[in-house]
Amino acid sequence: MRIETNHVIIRDFERKDAENLYRTVREKNILRFMPDGAEIGDSPQAYFGYIDWHQNKKDSTNIYENKRYVIALPDTDEMIGMVGMGLEDTLNEVEVAYFMSENYQRKGYTEEAVNALVNWCFRMSDIKYLILTIDCVNTPSCHLAEKCGFELFEKRMPIGHKQQNMESDSYFYYRKYRSLS
């Protein structure tokens, strides 16, 4: 996949991204809200298997498959973040996921990438809506969701289990519906 927007490129992972991926998933707030990224390995080379796995799916347009893509700068092709989607197992709905390196936050890059991926998902499928689940304490991510047109449906508190990758005991459930036009 390759999507070019005004300020970013969304593309498939390549092995050259291993160093930036390794470093970025260890940044304070990404590690706080998406700790599973740092569990892949203890060196950039440990991420080659993860990257290769995504490379094997690079021609797929099935939005239900768990896929992640690089958010890169157009002039350098440097990875600055990640965006992706796939079936959220406990909810059985297609969820969008994202993170941005702290050096590139609050510049509009994540919003642009999320919007581009959401539009691609709607073009590639007949799905009625996409979701986001965001830890209630992750206020910046909630603001971004709303800027991208996701509507807050409810605050959820799982009973009997802790939602994966959640710091608090509850999360916000957002939806974005396909445009009728």
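Guide: The following conversation sets values against definitions, one term at a time. Please note that this is a predicted model.

Visitor: How many aromatic pairs does a search of the whole structure find?

Guide: The search finds 6 aromatic pairs. A pair of aromatic rings is described by the distance of the centres and the angle of the planes.

Visitor: Why is the pair of Phe13 and Tyr50 called edge-to-face?

Guide: The ring centres of Phe13 and Tyr50 are 5.9 Å apart, and a pair requires centres within 6.5 Å. Their planes stand at 75°, and an angle over 60 degrees counts as edge-to-face. The pair is therefore edge-to-face.

Visitor: What does this pair link?

Guide: It links distant parts of the chain, 37 residues apart. Phe13 lies in the loop between strand E2 (9-11) and helix H1 (18-24), while Tyr50 belongs to helix H3 (residues 48-55).

Visitor: What makes the pair of Tyr104 and Tyr109 tilted?

Guide: The centres of Tyr104 and Tyr109 are 6.4 Å apart, with 45° between the planes. Tyr109 itself counts as buried, at 16% relative accessibility.

Visitor: Which residues do ring pairs link into a cluster?

Guide: The cluster consists of Tyr129, Phe153, Tyr173 and Tyr177. Two of these rings also have a charge over them: the charged end of Arg156 sits over Tyr173, 3.7 Å from the ring centre, and that of Arg175 sits over Phe153, 4.8 Å from the ring centre. The distance limit for this description is within 6 Å.

Visitor: How many disulfides does the search find?

Guide: The number found is 0. A disulfide is a covalent bond between the sulfur atoms of two cysteines.

Visitor: How do you know that Cys136 is too far from Cys142 for a bond?

Guide: The sulfur of Cys136 is 6.8 Å from that of Cys142, its closest cysteine sulfur. A disulfide requires sulfur atoms within 2.5 Å, so the distance is too far for a bond. Cys148 is in no disulfide either; its nearest cysteine sulfur, that of Cys142, is 12 Å away. Both Cys136, at 17% relative accessibility, and Cys148, at 3%, count as buried.

Visitor: Why is Met82 called buried, and why is Leu87 called partly exposed?

Guide: Met82 is in strand E4 (residues 79-88), and Leu87 is also in strand E4. Met82 has 3% relative accessibility; buried means under 20%, so Met82 counts as buried. Leu87 has 31%, which lies between the limits of 20% and 50%, so Leu87 counts as partly exposed.

Visitor: What makes strand E6 mostly covered?

Guide: In strand E6 (residues 129-135), 7 of its 7 residues are buried. In a regular strand the side chains alternate between the two faces of the sheet. Here Tyr129, Ile131, Thr133 and Asp135 point one way, Leu130, Leu132 and Ile134 point the other way, and all are buried.

Visitor: How many bridges join E6 to strand E8?

Guide: There are 7 bridges between E6 and strand E8 (residues 171-177). At least two are needed for strands to pair, so E6 and E8 pair, and they run antiparallel. As one of the bridges, Ile131 has Arg175 as its partner in E8.

Visitor: Which residues have the most contacts inside the largest nonpolar core?

Guide: They are Val96, Tyr98, Leu117, Trp120, Leu130 and Phe150, in a core of 37 residues. Helix H4 (109-124) gives the most to this core, with 9 residues. A second, separate core has 13 residues, including Ile30, Tyr47, Val70 and Phe99. In soluble globular proteins, nonpolar side chains tend to be buried together.

Key:
Residues numbered from 1 in each chain as written. Predicted model: local features only at pLDDT ≥ 70, side-chain atom pairs only at ≥ 80, totals over all residues. Heavy atoms only, no water. Phe/Tyr/Trp six-rings, centres within 6.5 Å; stacked < 30°, edge-to-face > 60°. Helix = DSSP H or I, 4+ residues; strand = E, 2+ residues; numbered from the N terminus. Buried < 20%, exposed > 50% of the residue type's maximum accessible area, 1.4 Å probe, protein only. Lys NZ or Arg CZ within 6 Å of the ring centre and 35° of its normal. Core = buried A, V, L, I, M, F, W, Y, C linked by side-chain atoms within 4.5 Å.
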